[in-house]
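The structure comes before the details.

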Amino acid sequence: MRIAYIVKRYPRYSETFIVNEILAHERAGLEVVIIALLPPQDAHFQDIISQVKAPVIYLSPRADKAKQFWEMQKQVSKKYPNFWQALSRFDHASAREALQAMELIMLSQEHDIRHYHAHFATTSTTVAQLASCVTDIPFTFTAHAKDIFHQDNDFDALKNKFSDCKQAVTVSQFNIEYLTKELGVSERNLTKIYNGLDLRAFPYSSPIKREPIICAVGRLVEKKGFRYLIEACDILNRQGIEFRCEIIGSGELKQSLKQKIIELELEHCVVVIGALPQAQVKQRISQACVFAAPCLVGKDGNRDGLPTVLLESMALGTPCISTRVTGIPEVIIDGVTGRLLEPENSEELAIALVSLLEDSALRESFARQAVI
């Protein structure tokens, strides 16, 4: 069976889990065609992208040429007379999404596509849903975090996606309960699949003799809670604790986080490194004696589903500190495989950091339990 994997951008630095999934499908013998709605923007990419065999097709990134738009509509409606009726259901779709759905419809026969799968329940799923409505090719999608939690989502359109799809996947039990209780999605339409890892690419090493390095990785946005990590580092610094904190990633809060580091006079022990290639990220995590992910629920409702980097850190033998947000308690058992804290609490985070920086036996215990 040939599957069209529909994503907003490809490749994307932060979406290693999608590449892992495509590689798993290819190992299982499925043929995949990657359909990207927009070109890549990142400067760094995952090393494993080179292993993907699937071709990548980029759809039109803009629908600003009337002639192109109308010509495509004529082609599609000639082949699928139900097109206009189907399109009338999608008054929430943008012109770009309508054009890209039409392009996907025409590509489906050319590439003998038998199934659509989209990642994230936003624009990529809208394109898959519209194309499916016209072609009767079934579609599925994976719902993650911002695409179901953010307050600006069109929740009526979102519920229709869950109703129309053959099946929806989501990444945690928390998400299952949120979707069923808050949005009224039928649990029969939902399957939980945690983001997986190829453990051969994340070899375990003991954290017992590591340098006092705190590592954090993620987009520099509110929901990652990095301002509280910097505040916790300020507490450690004033206590005379020896450490270095490395925050790896890029995003809209980069300058404000750097300014906070300067204001607290932490330049000698806290650094925002920016985005790095995956191999370097893994190396830095595996050298750290603690990984910090102080996630929180943003003012706009945005939050992480279940950060894959936590799984990666645990696999590498780096004990983790995170928060009781969304699906994170499903992978970290407090006091057994790591530490779970309340979000937005710098003082509690500082105490947890000190315990792991100074207690090598505790680091070893958490790390061992996390990979059992």
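What volume does the largest cavity have? About 60 Å³.

## Basis

This is a predicted model, in which local features need pLDDT of at least 70, side-chain atom pairs count only at pLDDT 80 or more, and totals for chains, interfaces and linings use all residues. Residues are numbered from 1 along each chain as its sequence is written, and side-chain values use heavy atoms, with hydrogens and water left out.

## Cavities

The whole structure holds 4 cavities of 30 Å³ or more. A cavity is a set of points on a 1 Å grid over the protein atoms alone where a 1.4 Å probe fits but cannot get out; lining residues have an atom within 4 Å of a point. Volume is the space filled by probe spheres set on the points.

The lining of the largest cavity includes Tyr228, Ala293, Ile321 and Leu349. Strand S12 (residues 320–323) gives the most to this lining, with 3 residues. The second largest cavity has a volume of about 50 Å³. Among its lining residues are Val217, Lys224, Phe226 and Ala293.

## Sheet

Strands here are DSSP runs of E, at least two residues; helices are runs of H or I, at least four. Two strands pair if DSSP finds at least two bridges between them. An open sheet of 6 strands runs S10-S9-S8-S11-S12-S13, with parallel pairing. Its edge strands are S10 (270–274) and S13 (338–341).

Strand S8 (residues 213–217) pairs with strand S11 (residues 290–293) over 2 bridges, in the parallel sense. Isoleucine 214 has valine 290 in S11 as its bridge partner.

Definitions and conventions. On a 1 Å grid over the protein atoms alone, a cavity is a set of points where a 1.4 Å probe fits but cannot get out, and a pocket is an open set with protein on both sides within 12 Å along at least five of seven lines; lining residues have an atom within 4 Å of a point.
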